[in-house]
Amino acid sequence: MTAVQDLVEELVTANHILAHERVLDSFGHISARHPEKSDHYLLSRARAPELAERRDIMEFTLDGQVVGEITGKPYSERFIHGATYEARPDVMAVVHNHSPNVVPFTVTKQKLRPIMHMCGPIGSTIPNWDIRHKFGDTNLLVTSMEMGRDFAATLGDHAVALMRGHGCSVVGRSVREVVFTSVYMELNAEMLIKALSMGEVIYLSDGEIAAITNGRAGFTFERGWENWCRRVSRPYVPRSWDMGAGFSKTDT
Ligand code: MN
């Protein structure tokens, strides 16, 4: 298979995993930067993620124009993806979701930060983008590049940004990394809501989060990915886990 075909298969699997792990429901999406054309990305047509198939994966320019052979109705919020790839050359995959335990943190002053070691990659600071600041009363959907770029400016260098009254978007250096971060983002939010109901919470320190993030081995993503593939009956394709920025053989 070519690199593009490999990535299309990976995206189909990621769609199914994120739906199964309750990050996505009938809505929300995951994209990947095109492996040969860095100014293009791949994203399913507007369809419930757990139903996504190879023939649904469309190709777009960063400004959201449909290119390539596969056509269909695109997601109206695809501009989140293009604007993020435009602003962040390091980002190779983007998830946009409405994961249910995250949304409460978008509409309250309660801070969302890691409380458990597996959740360190969500980062110590998670900004909250409010579409109303620049665009007034809308249906809250990110339906233009202007909106997408405003969101990407709030995301900055972070791994995750909340979207008030809507959900969040998560970025990563690979499909497997962004799936991992998205799953643990939702789990951390769920655990944090429970912990807050019990009393004062001790969050991970900035130093602990840095130690976790810097020491995270690709093997960790592989271990999760293999298990999540099995849960959705998708083939597991092993990846070399000493590849890419931040992956190190020595810290496994
Ligand atoms: Mn949305």
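Which side chain makes a polar contact with the side chain of N101? The views below begin with that residue. This is a predicted model, in which local features need pLDDT of at least 70, side-chain atom pairs count only at pLDDT 80 or more, and totals for chains, interfaces and linings use all residues. Residues are numbered from 1 along each chain as its sequence is written, and side-chain values use heavy atoms, with hydrogens and water left out.

**View 1. N101 and its neighbours.** The partner is E186, whose side chain lies 2.7 Å from that of N101 in a polar contact (a pair of N or O atoms within 3.5 Å; within protein, one must be able to donate a hydrogen and the other to accept it, and residues adjacent in sequence count only if both atoms are side-chain atoms). You will find N101 in the loop between β5 (93-97) and α3 (103-106); helices (H or I, at least four residues) and strands (E, at least two) are DSSP runs, numbered from the N terminus. Leaving aside residues up to four places away in sequence, N101 touches R22, E186, A189, E190 and I193, where contact means heavy atoms within 4.5 Å. N101 counts as buried because its relative accessibility is 16% (buried means under 20% relative accessible area, exposed over 50%, partly exposed in between, with a 1.4 Å probe and protein chains only).

View 2. Distant parts of the chain are linked by H96 in strand β5 and H166 in the loop between β7 (160-163) and β8 (167-172), 70 residues apart. H96 is buried because its relative accessibility is 0%, and H166 is buried because its value is 9%.

**View 3. The open sheet.** Eight strands, with mixed pairing, follow the order β4-β3-β2-β1-β5-β8-β7-β6. At the edges are β4 (66-67) and β6 (128-129), each pairing on one side only; two strands pair if DSSP finds at least two bridges between them. Strand β1 (residues 29-33) runs antiparallel to β5, joined by four bridges, and H29 stands opposite H96 in β5.

**View 4. A211 in helix α7.** Helix α7 (residues 206-215) holds A211, which counts as exposed because its relative accessibility is 55%.
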